[in-house]
Amino acid sequence: MKNETLKNAAKNILKELLAKCTEEQQLMFKRMYCHQNLELPINEAVDQMASDKIDWAITQTERTIEKNRNAVNG
C-alpha cells in the first residue's frame, strides 16, 4: 500500500479490530507480524508492521472476532 492516508486508515481499522481480541490472540498476532518485538504494545506492533501485510492481517482479525462471537453465541 503506497498511499499513506489509506495505509494509516487501514492500520487504525486493524487496531480497532485487535482491541476486540483476547490478549492471547493479540500475542499470536505479534508472533505472526512482529515476532522480534513481542514485548511491544499491540498498537505499536501494528504501527511497525509491513504495509503489504495489513490487508491479510485485517482479514485474519475479522475471522478471529467472528469465531469469538460464534463461540459465545453457541
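Tutor: Of the 74 residues of the protein, 31% count as buried, where buried means under 20% relative accessible area, exposed over 50% and partly exposed in between, with a 1.4 Å probe and protein chains only. The model is predicted, so local features need pLDDT of at least 70 and side-chain atom pairs count only at pLDDT 80 or more, while totals for chains, interfaces and linings use all residues. Residues are numbered from 1 along each chain as its sequence is written, and side-chain values use heavy atoms, leaving out hydrogens and water.

The protein has four helices and zero strands; these are DSSP runs numbered from the N terminus, with helices (H or I) of at least four residues and strands (E) of at least two. A search of the whole structure finds one aromatic pair. Phenylalanine 29 and tyrosine 33 form this pair, which is tilted, with 4.9 Å centre to centre and 40° between the planes. Rings of Phe, Tyr and Trp (its six-membered ring) pair if their centres lie within 6.5 Å; planes under 30 degrees apart count as stacked, over 60 as edge-to-face and the rest as tilted. Because phenylalanine 29 and tyrosine 33 are four residues apart in helix α2 (residues 23-33), about one helical turn separates them. Both phenylalanine 29 and tyrosine 33 are buried.

As for the chain around the pair, residues 24 or more positions apart account for 59% of the contacts with a separation of 6 or more, a contact being heavy atoms within 4.5 Å. The C-alpha trace spans about 40 × 25 × 15 Å along its principal axes.
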